[in-house]
Amino acid sequence: MNVQGWPDDCFLGALTPETREELLKLGRMRACGRDENLVVQGDPGGVVYLLLQGRVNVVATVENGNESLLAIRLPGDLLGEMAVLGDMPRTATLTVRVPSTVLLISGEVFKRFVHDHPDAWAAVAAVGADRLRQANLFRADVAGYEVEQRLARTLLYQPRRNIRRVGAHWAADLLQSELAMLIGAKEGTVQKAMRGMKELVESRRGRIIFLDVPGLARLAEMDPPDYLAG
């Protein structure tokens, strides 16, 4: 985390202090209520958002009407830039999960800003590359692993910003329904898989508790993040 308090793995944390301060002066603050849609899939892209506080789910609806949770955005993240920079309709709906605060910036203003600030453009590119990497990991997991392994891997993929200590254990701030959409499975299937993993994880008050990190990593066939391994 940098001295301004933004984690290094988010868009705002990747900017220089001077660029970040200038960017935060460009938009207007907006308080958002739970379940409010910031944008709707298919709408034109006229603004970008900086998430300053709260959580936002990125949800895409496919042709058969099913919804897929593509990602969960956390404070410091950039939202809606793809439609603005690509001059295309919104590819997903942004739904506020908890009361949140965002900064709205005009798309044209944002495009001029990143053009004039190389570190901002580099941060946008890094965000895009990381999101593509995550999408590729999820697609590969769907093809290569059974549900329990996909659950374990998805939990270990969670960014540090979405993990907290709950008593003696680490926990991911995820609902079972969100976990199901992230791995491309029905919620009932995830509930059944979680029962089979009861020695490793449990669902408690909107969080997934990691009861046995080494066991979870063995099931996932991957090394846990350093902060979980310690």
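Among contacts in the protein (a contact means heavy atoms within 4.5 Å) between residues at least 6 apart in sequence, 67% join residues that are at least 24 apart. What you have open is a predicted model, in which local features need pLDDT of at least 70 and side-chain atom pairs count only at pLDDT 80 or more, while totals for chains, interfaces and linings use all residues. Residues are numbered from 1 along each chain as its sequence is written, and side-chain values use heavy atoms, with hydrogens and water left out.

**The whole chain**

Begin with everything selected and coloured by secondary structure, where you will find ten helices and ten strands; these are DSSP runs, numbered from the N terminus, with helices being H or I of at least four residues and strands being E of at least two. Along the principal axes, the C-alpha atoms fill a box of roughly 50 × 45 × 30 Å. The radius of gyration, taken over C-alpha atoms, is 18 Å, which agrees with the value near 17 Å that a compact globule of 230 residues would have; the globule rule is 2.2 Å times the number of residues to the power 0.38. Of the 230 residues, 46% count as buried, where buried means under 20% relative accessible area, exposed means over 50%, and partly exposed lies in between (1.4 Å probe, protein chains only).

**The two domains**

Next, select residues 11-141 as domain 1 and residues 146-228 as domain 2, bounds that come from an automatic or database domain assignment. Taken over C-alpha atoms, the centres of domain 1 and domain 2 are separated by 25 Å. If you show the residues where the domains meet, 16 residues of domain 1 are in contact with 14 residues of domain 2.

Now move to Thr 154, which has its place in helix H6 (residues 147-157). Thr 154 counts as buried because its relative accessibility is 2%. Which residues is Thr 154 in contact with, leaving aside its neighbours within four places in sequence? They are Phe 138, Leu 179, Leu 182 and Ile 183.

Helix H7 (residues 176-183) is the next selection, and it is mostly covered, with six of its eight residues buried. The buried residues of H7 are Gln 176, Glu 178, Leu 179, Ala 180, Leu 182 and Ile 183.

**Glu 187**

Continue to Glu 187, found in helix H8 (residues 187-196), which counts as partly exposed because its relative accessibility is 36%. Glu 187 and Gln 176 are eleven residues apart in sequence, and their C-alpha atoms are 6.9 Å apart in space. Leaving aside its neighbours within four places in sequence, Glu 187 is in contact with Gln 176, Ser 177 and Ala 180.

**Two loop residues with positive phi**

For the last stops, keep in mind that most residues other than glycine have a negative phi. Select Asp 35, in the loop between strand S1 (28-32) and strand S2 (37-39), where phi is near 75 degrees, a positive value in a residue other than glycine. Asp 35 is exposed, with a relative accessible area of 56%.

Finally, go to Glu 221, placed in the loop between helix H9 (213-220) and helix H10 (226-229). Glu 221 has a positive phi of about 60 degrees although it is not a glycine, and at 53% relative accessibility Glu 221 counts as exposed.
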